[in-house]
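Morning, everyone. I have one model to go through, and I will keep it short.

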Amino acid sequence: NEPRPPDYGGGISIWCSWTAPSSGQATFTGFGKAIGVYTGSSLTALTALHYASTDFSSVTFAAVQGVTYQISLDELYAGDQGGSTTLRWNLRPPVTNDLFANRILIAPAGGTITAYNLGATKEAGEPTHAFSGGASVWWKWTAPLTTNTTIRAFGSGLFQPLLGVYTGNAVNALTLVGSGGVFTESKVMFMATAGVTYNIAIDGLGGEVGDFSFVVDQSQPPPNDNFANSITLTGATVSTTGTSRNATQEAGEVTPDFGSGKSVWWKWTAPANGQVTIDTIGSGYDTVLAIYTGSAVDDLTLIGTDDESGGNSTSLLTFSAVSGTTYHIMVDGWNNATGNITLNVTGAVAPTPPVLSSVVHQRNVSFEFQFSGGIGQPYIIEWSSNLILWNELYTGTLTGGTLNFQDNTIEGEARRFYRVLFP
């Protein structure tokens, strides 16, 4: 007539009896043995409360002061021969923050809180936190900063926490900020407002009780989170790094296609006309890239946007830049993704100023000089007799870095001035 844990049990059990000295959360651990917890005073009149028939072999339940509990330990599998075993137990007091009115205050700095929900209930008027529960406990936290905030709850063992975040002063008059409940981790991300008090409820899926921890994280946004704080990039070709963690979408900011408002900003002024490529190759998450011109976040002209052209979920844009124009570079993330950013700009190089040297003059015959510049650079040679009116003498393109030029048309000229232009 001896009961056996369902699915498991070798049939070679031993028994212990324990009377709860006070009410609270009792946890019994059998360290790899099948464990059962019962009430009753005879083998044929036992009431099963909890089983643990896996390698975890741990049960947690609400113990009542003065009640005697019967605990059986067995092998996990039929045919096992048995051996030495260890039973460990502890008793913790019931929670004090079961009711909304008794919620525990969290310090402004947040941090990690470790707790359990033994003895908790769902009070009248209390909302459902993500999914059906029934054993909720409460905290309250006043945000010190207006910034992106994340609250994560982690269950211990198989406990599945349900998380709800609210504003309001009564359990039946709360405004939902966010909720979550996915396996053993739940998360809520929101824009907290400094000075506002947020109410945090943690429940167990289906009314489960167990151990858990949760973290309130209000990290500062990146320094270039806002358009006005764009980081300046200089040079025709430049690479830089940054992060979009805790980035926000500011008022008036337009989200590009496939973006999610997790944006950071750079600005770059083109040193020359020509094709420019800007990419996020090397970044650690799925980026969205957008390029704008303009002087205010709510009055920008879109040059282009891209999501996937850089490969490996990075972005790449190529466009024709105008010398002297400032381009504003936004890096956002797809589906609220954030992470480390690598930003690369490859632009047209400003022309190399001409340098004249090695002047050779044969009076009334010719004038020879040498000048240098960038390879492939177009040039124009002009002459003047008064430095006011200029005449085109020759045009060409530098095939090397230096060119010797001889003017054989000066016969009869009293004087002649020369200049070289790089357009």
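I will take the cores, then one histidine, then a hairpin.

This is a predicted model, in which local features need pLDDT of at least 70, side-chain atom pairs count only at pLDDT 80 or more, and totals for chains, interfaces and linings use all residues. Residues are numbered from 1 along each chain as its sequence is written, and side-chain values use heavy atoms, with hydrogens and water left out.

The largest nonpolar core has 26 residues, and W139, I200 and F214 have the most contacts inside it. At least two residues of this core come from each of β9, β10, β11, β12, β14, β15 and β16; strands are DSSP E runs of at least two residues, numbered from the N terminus. By nonpolar core I mean buried Ala, Val, Leu, Ile, Met, Phe, Trp, Tyr and Cys residues joined through side-chain atoms within 4.5 Å, where buried is under 20% relative accessible area with a 1.4 Å probe, protein chains only. Another core, of 21 residues, lies apart from it and includes W268 and I291.

Now H129, in the loop between β9 (111-116) and β10 (137-142). Is H129 buried or exposed? Buried, with a relative accessible area of 1%. The H129 side chain makes a polar contact with the side chain of E126 at 2.8 Å; that term means N or O atoms within 3.5 Å, one able to donate a hydrogen and the other to accept it, and residues adjacent in sequence count only if both atoms are side-chain atoms.

Last, β21 (residues 287-294) and β22 (residues 300-306) form a hairpin with five residues between them. The two strands pair in the antiparallel sense over six bridges, pairing being at least two DSSP bridges. Y292 has L302 in β22 as its bridge partner.

How values were computed. Helix = DSSP H or I, 4+ residues; strand = E, 2+ residues; numbered from the N terminus. Buried < 20%, exposed > 50% of the residue type's maximum accessible area, 1.4 Å probe, protein only.
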